[in-house]
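Biologist: Kindly take a close look at one part of the model shown here, and then continue from there to its aromatic side chains.

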Amino acid sequence: MTTSKSEAPPELIGVEEFFADPEFSGASISPDGTRIAYRAPAHGRRNVWVRGIEEDHEDAVCVTHDARRGITTYYWTDDPRWLLYLQDTDGNEDWHLYRVDLEAPDEPAVDLTPMAPGSRVFGAQPSAEIPGTVLVWMNQRPMFIDAFRIDVASGATTPHLEQTEPGDTVLLDRRDQPAFAAQLAEDGVLEFFTIDPGTGEQHLLHRIGGAEHPMGTQPQLVTPDGKGLLVGSYQDSDDLRLIRIDRETGEQTVVAAVPGHSLDITGTMAPDVLPPTVFVSRRTGEVLAARFVSDRPRIEVVDPHFVEVYAGLARLSDGVLGTLSSDESEQRWVATFIHDRDPAVAWFYDHTTGESRQLFRAYPSLDPAALAPMTAIEFPARDGLPLHALRTLPVGIEPRNLPLVLLVHGGPWSHDTWGYDPLAQFLANRGYAVLQVNFRGSTGYGKRHITAAIGEFAGAMHDDLIDAAEWAVTQGLADPARIGIMGGSYGGYAALVGVTVTPGYFAAAVDYVGVSDLANFLRTLPPFTRPYNVNSWYRYVGDPEDPAQEADMRARSPLFMADRIRTPLLVAQGANDVRVVRAESDRIVASLRERDIPVEYLVADDEGHGFANPENQIRFYRAVEQHFARHLGGRTGYR
C-alpha cells in the first residue's frame with residue numbers, strides 16, 4: 001500500500017476503542033425537566049445512571065446494577081420515584097419490564113412482568129389517562145400480543161385489550177381506548193378499520209400495503225384528537241410518504257414528503273436502538289418532524305411550533321438530529337446527533353433562555369480527525385437499477401488498489417445509512433476500503449427498489465454485491481485479488497452466498513449469525529412471528545411447507561452448496577439466538593470440517609442474535625482483524 005505524500009496512515013486504534021460499550025449513551029430528560037438519565041458502564045456492563053440537570057457524571061447515581069447483560073431500553077414514568085427498563089437473559093429476547101426505585105437505587109430491581117420462557121414484552125408506554133400506570137404489550141398467550149395495564153408502584157397487572165387474531169393490531173388513542181384496527185387480508189394487503197367507541201364495531205377505512213411493505217405499514221399512529229390515522233404510504237409515488245387518513249371521510253393528506261426520497265422506517269423496527277422515524281411531542285402527541293433517507297439522513301419539520309426549536313438544536317452540531325427528548329413544557333431538550341466521526345454527542349438546550357451545553361461525547365477517547373469520512377456514492381447494477389452505497393476509505397493511504405471489504409447489512413429489509421459505523425471505521429483504520437451497498441430489497445430507496453428483490457435471494461440481490469465490488473475495481477480503488485465479504489444475519493447469509501454462488505471471487509469471508517438454510521430458518525422462527533412475515537420472508541423467499549417452494553429455497557441456501565466453498569471462512573454465532581438458531585451455523589461448519597476445509601468458528605454461550613457483551617465483541621473483532629489480515633493483507637494491531 002502506498003501512502004500519500006501529505007499524510008501518513010494514522011496510528012492503529014485498539015479494538016477496545018471501537019467495540020467496548022460507549023462511555024455515555026442514550027441520554028434523555030425527565031418529564032419535570034430536573035434530571036437526565038443515560039447509559040454508562042458499571043459492573044462491567046451498560047447500566048442506567050441519573051443525575052441532576054446541572055450536575056456532572058461525578059454526581060450521578062447508578063440506578064441499575066446488571067452485571068450479566070447491558071441495558072438498552074429504559075423509560076421515565078410520570079412518578080419521579082420510578083424508572084423502568086427492559087432486560088432479557090443472555091440474548092434470548094424474552095424481554096421483561098423491571099422497575100427501579102430512584103429513592104432507593106441500591107435496592108434490587110423488581111420484575112413487573114414475570115412470564116414463562118418464550119413470552120416477552122414488546123413495548124411499554126406511560127398512560128396519560130390513568131396516572132401511575134403504564135400500558136405494556138406482551139405475549140403471555142404465546143401466539144397473541146395483548147395489552148396490559150400495570151400499576152408501577154404496586155405491580156398490579158390487569159388485562160387492557162386482548163388480540164383477537166394473531167397478527168391483528170389495535171391502535172389506541174390518547175385515552176387508551178381502541179381507535180383503529182389493522183388486519184392482514186388474504187391477498188397480503190393491510191386493511192385499516194375504524195372502531196366505533198360505543199359498540200366496538202369495525203368499519204373498513206383503507207387498504208394499503210403488500211410486498212412493497214415487507215416490514216409492515218410503518219409507522220401507524222393515531223392523531224392526538226383521535227380523528228386521523230398517520231401511516232407510511234407510497235400513494236401514487238415510488239417514494240414512501242407520511243400521510244394522514246381522516247377517520248370519517250377516508251381523505252388522505254400528505255403530512256411529510258420529500259420528492260425522490262422515502263420516509264426512513266428503520267426506527268420503527270428497532271425503537272431505542274435506531275433513530276426514530278418521527279419525533280413526537282411529549283406535551284401534545286403531535287408529530288414534530290419526520291426522518292427521510294438521503295445521502296445524509298434528512299429531517300423534515302412538520303409542526304410549525306417546532307421550527308424555532310429545531311433551528312436552535314441544529315446549531316449545536318454539523319451532524320443530523322438523532323434522538324430527542326423534552327420536559328413536559330417542551331422548553332428543555334436533550335438531543336444527540338448522528339455523525340460519521342463524532343457520534344452520539346449529547347447536548348442540553350433550553351429554548352427559553354437559549355442556553356446550550358454539551359453533556360458528553362459517547363467516545364471521548366476517539367479523535368474524530370483520526371477517523372475516516374463516510375461518503376455516499378451511486379452506481380448502476382447490471383440491469384440498470386440504481387444502487388446507493390456508502391464508502392469509507394483509510395485515512396492517509398492513497399485510495400488505489402486497496403484490499404476491499406464488502407459489509408452487507410442485515411434484514412434484508414433495512415438499509416445502511418450515513419453515520420458512525422464502528423466496524424467500518426475499524427476496518428478503514430486497518431487499511432481496508434469499505435463498501436456498504438444498499439442492494440435491491442433494502443428499504444429507503446423506493447417501492448421499485450424493494451420489490452426488485454422478490455425471488456432474488458442468491459440471485460440479483462447477490463449480483464448487486466458483485467456489481468458493487470466490480471465498480472470499486474473499475475474505479476481503481478480495489479485490488480481484485482483482495483476482496484472480502486462480511487455481514488450479520490441476512491448479511492451473514494449474503495457472505496455464505498458469496499462463497500458458494502461465486503466461489504473464488506472473495507479472498508476471505510465472515511458469516512456473523514447468518515442463515516445457511518432458508519427453509520430451516522423460517523421453520524425455527526418463534527411461532528408468533530409468522531403473521532408478520534407474510535409480506536417479507538414468505539412473499540420474497542417462499543413457504544417451506546410448500547414442496548416446490550421448499551425446493552427453490554434449498555437451491556438458494558448455502559448449506560446445500562457448501563461443497564463449492566474454498567474461501568477462508570470465519571463464522572460467529574450466539575448460542576441463544578432465537579432468530580437465526582445455532583443450527584444454522586453448526587451445520588455449515590460441520591459440512592466444511594467433514595471435508596477438511598479450514599473454518600474458524602466462534603460461539604458465545606451468553607449471546608443471542610449478535611453479540612452485546614463487550615468481551616464477546618472484542619474477541620470476535622480481534623478474530624475478524626486476524627482473519628482479514630491473513631487473507632487480504634491489512635494492518636493488524638493484535639498479535
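Modeller: β28 and β29 form a hairpin with 5 residues between them, and G384 in the turn has a positive phi of about 95 degrees. Strands here are DSSP runs of E with at least two residues, helices are runs of H or I with at least four, and both are numbered from the N terminus. This is a predicted model, in which local features need pLDDT of at least 70, side-chain atom pairs count only at pLDDT 80 or more, and totals for chains, interfaces and linings use all residues.

β28 (residues 374-380) and β29 (residues 386-392) run antiparallel and are joined by 7 bridges; DSSP must find at least two bridges for strands to pair. Within this pairing, E378 has H388 in β29 as its bridge partner.

Turning to the aromatic side chains, the whole structure contains 28 aromatic pairs. Rings of Phe, Tyr and Trp (its six-membered ring) pair if their centres lie within 6.5 Å; planes under 30 degrees apart count as stacked, over 60 as edge-to-face and the rest as tilted. F457 and Y493 form a tilted pair, because their ring centres are 5.8 Å apart and their planes stand at 45 degrees. This pair links distant parts of the chain, 36 residues apart: F457 lies in the loop between α5 (447-451) and α6 (460-474), and Y493 in helix α7 (residues 490-501).

Terms used: Residues are numbered from 1 along each chain as its sequence is written. Side-chain values use heavy atoms; hydrogens and water are left out.
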